[in-house]
Amino acid sequence: MIIISKRFDRLTEKLLSLDVSKDIKNIIDYFIENKTLNYENILKILSFEDVELREEIYKVADIVNKELNTDIITLKGVIEFSNYCKKSCYYCGIRVQNNNVNRYRIPVEEMFEIAKHGVNMGLTTIILQSGEDDYYSDDDLEQLIYRIHHELKTAVSISIGERSKEAYKRFRDAGASKVLLKHESINRKVFENVHPDKDYDLRIELLDYLVELGYITGSGNIIGLPGQTLEDIANDILFMKDHNIKMIGIGPFISTHNTPLEDFQNGSAELTLNAYAATRLVIPYAQMPATTALGTIDRSFQFKALNCGCNVIMVNITPDKYRENYNIYDEKIKVDLVDTAKKIVDMGLRVPPYTIRKIYEMEA
């Protein structure tokens with residue numbers, strides 16, 4: 001507690017020394033007094049269009065992240081193990097109605113070997129991600145999680161959509177410590193307009209249950225969904241704070257061929273950065289990835305996000321023969337571990353020492 005207090009004292013000193021506009025100073029003053037932001041200040045940040053104001057608030061969020069957390073960027077390895085999905089989300093490229101997708105499922109034993117390779121490359125968290133695919137039984141996933149966590153001595157995160165409460169309890173007991181289940185929009189109408197076969201109340205109930213189970217629980221929203229307003233995004237951020245969400249994935253909507261929303265405009269990269277900055281000030285200690293969706297719109301924005309409050313990047317370790325068909329949105333980029341780590345170091349940031357040592361060993 002004393003260490004946290006000293007960190008906040010250092011942070012306060014740095015923030016008060018900034019030469020910023022009155023708008024930003026008012027936000028800083030509120031943050032220092034309350035260690036978070038209220039709805040009005042979040043909305044103000046989201047509405048910033050002036051470049052100078054944006055750069056000032058990005059700098060504030062960056063200082064908050066690096067003083068209260070660290071300048072180390074965590075790299076997590078994603079295995080996209082199935083692009084089968086039983087759901088019909090209007091924005092998603094692997095929705096069940098899309099017959100133009102080359103579907104695949106990675107066998108469980110191969111998934112373990114991919115995870116092993118990822119750990120050998122220096123990754124300390126393996127994320128198991130898929131569409132909502134009942135082909136894999138709870139027994140299959142429970143055993144795989146147990147093996148990855150206990151045999152490879154690494155953290156396991158799961159992002160597999162909605163499963164039963166019993167299943168999530170079993171996965172937690174098997175060793176999964178983190179889970180990602182995006183709420184996508186806390187505005188019920190916006191949510192239901194893009195999810196014809198998902199239950200809004202069940203999603204919120206499940207998120208609360210995952211927190212209760214002791215998972216480091218992740219959620220997040222999509223920027224630019226049809227009908228969404230800045231007020232909705234502000235409420236998304238407050239929802240995550242109020243529901244004790246510790247990992248926050250915010251990405252722009254990307255229009256995707258062969259979906260009902262293929263003709264809609266992409267979400268704004270600039271607004272996504274504003275949302276990162278606001279979220280960092282609302283939930284200062286959260287893990288917050290610079291999302292692949294943002295990098296797909298513009299890779300430079302994904303790295304810029306690391307100076308706007310983000311502190312995580314998810315790198316792709318799915319073999320290319322599978323990965324190229326995991327098109328949850330068009331032109332989804334591959335985030336390569338080595339290239340990404342080098343870029344982070346070139347930016348003057350750090351990657352975990354274990355990861356950088358493994359990369360040097362690979363290249364020796």
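A cavity is here a set of points, on a 1 Å grid over the protein atoms alone, where a 1.4 Å probe fits but cannot get out, and its lining residues have an atom within 4 Å of a point. Grid points are joined across faces, edges and corners, and a volume is the space filled by probe spheres set on the points. The model is predicted: local features need pLDDT of at least 70, side-chain atom pairs count only at pLDDT 80 or more, and totals for chains, interfaces and linings use all residues. Residues are numbered from 1 along each chain as its sequence is written, and side-chain values use heavy atoms, with hydrogens and water left out.

## Cavities

The count comes to 2 cavities of 30 Å³ or more. The largest cavity has a volume of about 1,000 Å³. It is lined by 50 residues, of which Gln-129, Ser-159, Leu-180, Lys-182 and Ile-328 are the closest to its centre. Elements that each supply at least two lining residues include β2 (125-130), β3 (155-159) and α12 (292-297); helices (H or I, at least four residues) and strands (E, at least two) are DSSP runs, numbered from the N terminus. Strand β9 gives the most to this lining, with 4 residues.

By class, the lining of the largest cavity has 26 nonpolar, 14 polar and 10 charged residues. Ala, Val, Leu, Ile, Met, Phe, Trp, Tyr, Cys and Pro count as nonpolar, Asp, Glu, Lys and Arg as charged, and the others, Gly among them, as polar.

The second largest cavity has a volume of about 40 Å³. Among the residues that line it are Glu-80, Asn-316 and Tyr-326. Its lining has 2 nonpolar, 1 polar and 4 charged residues.

## Salt bridges

The structure holds 24 salt bridges, each a side-chain nitrogen of Lys or Arg within 4 Å of a carboxyl oxygen of Asp or Glu. Three of these pairs are tabulated.

| Asp-134 | Lys-86 | 2.9 Å |

Asp-134 lies in the loop between β2 and α6 and Lys-86 in the loop between β1 and α5, so the pair ties together parts that are 48 residues apart in sequence. Asp-134 is exposed, with a relative accessible area of 52%, whereas Lys-86 is partly exposed at 39% (buried means under 20%, exposed over 50%, partly exposed in between; 1.4 Å probe, protein chains only).

Glu-142 belongs to helix α6 and Arg-170 to helix α7, so their pairing ties together parts that are 28 residues apart in sequence. Glu-361 and Lys-358 are 3 residues apart in helix α16, a separation of about one helical turn. Salt bridges that share partners also join Arg-10, Lys-14 and Glu-67 into one network.

Terms used
1 Å grid on protein atoms, 1.4 Å probe; cavity = no way out; pocket = protein on both sides within 12 Å on 5 of 7 lines; lining within 4 Å.
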